[in-house]
Amino acid sequence: MKLLKKGVYLRIVLTTLMVLAIFCSVGVTPALAIQKNKVDTVSTAGVQFTDIPTAADSVAIRKKAADSAAKAEAVAKQKAQQQKVPSTEKPKTLWQIFIFGLLGGFTAVILPCIYPLLPLTVSFFTKKSGSRKKAIGQSLIYGVSIIIIYVTLGLLISIIFGSDALNQLATNGIFNIFFFLLLVVFGVSFLGAFEITLPSSLANKLDENADKGGLAGIFFMASTLVVVSFSCTGPIIGTLLVDAASKGDRLGPAVGMFGFALALALPFTIFALFPSALKSLPKSGGWLNSVKVVLGFLELAFALKFLSNVDLAYHWNWFDREIFLSLWITIGLMMGLYLIGKIKFSHDSDVKYLTIPRIFLAIIVFSFTIYMIPGLWGAPLKVISGFLPPPATQDFDLTRSTGGGNAAPEQKVSIKEKKYEAIFARGKHEGLNEWYDYEQALQVSKELKKPILIDFTGWNCPNCRKMENDVWPDAGVRKRMQNDFVLLELYVDEKTALPTSEFYTSTFSGKKITNIGAKNSDYEATKFSTNSQPYYVIMDSEGNLLVPPQGANFSVDNYIKFLDSGLAAFKK
């Protein structure tokens, strides 16, 4: 009976892992832009034709028919091309969440709450089981139990919030402020001000059940580890769930927790397979606390991104690029000084000498900090450009042109005032003429006889900032965007309310649209069946799609080919 129960338990575990693997590998449907072309028809019922068409009329009719056939063929080819364009952003996002979870799990292993438990847990299985084979089996069950516990937590987060709510977390002011405060609390906890722990009664209860033995005992033993180590893993899990939830993908929290739990469970399983390898591990000591403190500094730096999100989306206009950089530089300097022993907290042990890992880590921290300093005067800082507020928020910028080569060319059109221009002043790009209203862009396109380049973007979109700071400044890209296109920027997370007369109910989502961001997001979802940003669309003056749209691709050559293909299609 015991063997039967073990077999059933293992089958359940393996089935769960297979389902999780399938979830992680689920693709994302391509973003398709559908055009509807209406064919004009004229009824000739009851009409007698007495005139005989001339040769010229016949030629005109044949030419018109040929043109119609050519247009139909072009539309068919266009649709076929659109179906071949995959959306790569969501799969990448899931993989990024998984890798982030994996790194978080490996980091948690070397924290003071877990690292000392490695030899204790492995030796417990080895001694209790009586044989190496049985010890390996119990260790595997122990590792799988850890994975099941954390993935269940991730799935519960997804079920409770749902995909729509998760998608709104990235730009919701209340949630961003909450995340900012939460990460500050986590950071202060890691710095040693206090410890975040779960009730001791819960740990005691689980520990009692762990003593029962058998498969259930091993599962409760894993649960005890999760509860006891929460003071160390809690801030990492919280940061992971915050990041995963803000991605807006239903599977995000579960995938992140799977990566975290996998990394956490691997060492226990591996050392159970090779117990002699435990001797090569560094002994527990003050360095474990140093890892916590460094993570505390990183938590504080990460928290600032959420505060910046709120500042941009709600136009507080006080958390500018140089302020953001100043805070990051300060945190970097303090972290570097801590690593070399110049700063010490009350619970730290003395640093009698610098170890090689500390030296290399200090070099990395100081180098990165020095790299950020020129950004205070406008340096692009491409490595972190996706995390920084837009360059237009910087008050003092030595790189900003005072006129001439990088100035935006004048567009001689009948529209004298750009709609919403004042709202998006902090997102302007040097040398480019941006428009922010779809109807105005169509009018400008007709007058200038140029195609429209739509940039679906957002205040809180790191990939958008990276494209704007890494790809758009290229001379070839900038020249084309200045001279050959009408640039329409549609922010999908802008909170400014629309006039009451422009409120409407979306035919796509059924929701009432009341602000600019919701209107732009609804247009993107309705027209192109996607809500990812950045998303670039090239269309003609009538709003017809010219080439398949594309998302974030940081290759300058690719972007130039995309622009050239759109321009060529417009000229045809």
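Student: Why is K449 called exposed?

Tutor: K449 has a relative accessible area of 63%. Exposed means over 50%, buried under 20% and partly exposed in between (1.4 Å probe, protein chains only), so K449 counts as exposed. The model is predicted: local features need pLDDT of at least 70 and side-chain atom pairs count only at pLDDT 80 or more, while totals for chains, interfaces and linings use all residues. Residues are numbered from 1 along each chain as its sequence is written, and side-chain values use heavy atoms, leaving out hydrogens and water.

Student: What is the phi of K449, and where does K449 lie?

Tutor: K449 is not a glycine, yet its phi is positive, near 55°. The residue sits in the loop between α14 (438–448) and β2; helices (H or I, at least four residues) and strands (E, at least two) are DSSP runs numbered from the N terminus. H315 is likewise a non-glycine residue with a positive phi, about 55°, and belongs to the loop between α11 (286–313) and α12 (321–339). Most residues other than glycine have a negative phi, and most peptide bonds are trans. The peptide bond from Q533 to P534 is cis, with omega near -5°.

Student: How do you know whether T457 is buried or exposed?

Tutor: The relative accessible area of T457 is 0%, so T457 is buried. T457 is placed in strand β2 (residues 452–457).

Student: What makes the approach of T457 and R465 a polar contact?

Tutor: Their side chains are joined at 3.4 Å. A polar contact is a pair of N or O atoms within 3.5 Å; within protein, one must be able to donate a hydrogen and the other to accept it, and residues adjacent in sequence count only if both atoms are side-chain atoms. The pair T457 and R465 therefore qualifies under that rule.

Student: What makes D437 and K419 a salt bridge?

Tutor: Their side chains meet at 4.0 Å, N to O. D437 is buried at 7% relative accessibility, whereas K419 is partly exposed at 30%.

Student: Why are D470 and K466 said to be separated by about one helical turn?

Tutor: They are four residues apart in helix α15, which is why that separation is assigned. D470, at 16%, is buried, and K466, at 25%, is partly exposed.

Student: Why is the pair of W318 and F319 called edge-to-face?

Tutor: The structure holds 23 aromatic pairs. The ring centres of W318 and F319 are 5.6 Å apart and the planes stand at 75°, so this pair is edge-to-face. Rings of Phe, Tyr and Trp (its six-membered ring) pair if their centres lie within 6.5 Å, with planes under 30 degrees apart counting as stacked, over 60 as edge-to-face and the rest as tilted. F319 is buried at 2%, but W318 is partly exposed at 42%.

Student: What angle lies between the planes of W459 and Y491?

Tutor: The angle is 35°, with 4.6 Å centre to centre, and the pair is tilted. W459 lies in the loop between β2 and α15 (462–470) and Y491 in strand β3 (residues 486–491), so the pair ties together parts 32 residues apart in sequence. Both W459 and Y491 are buried.
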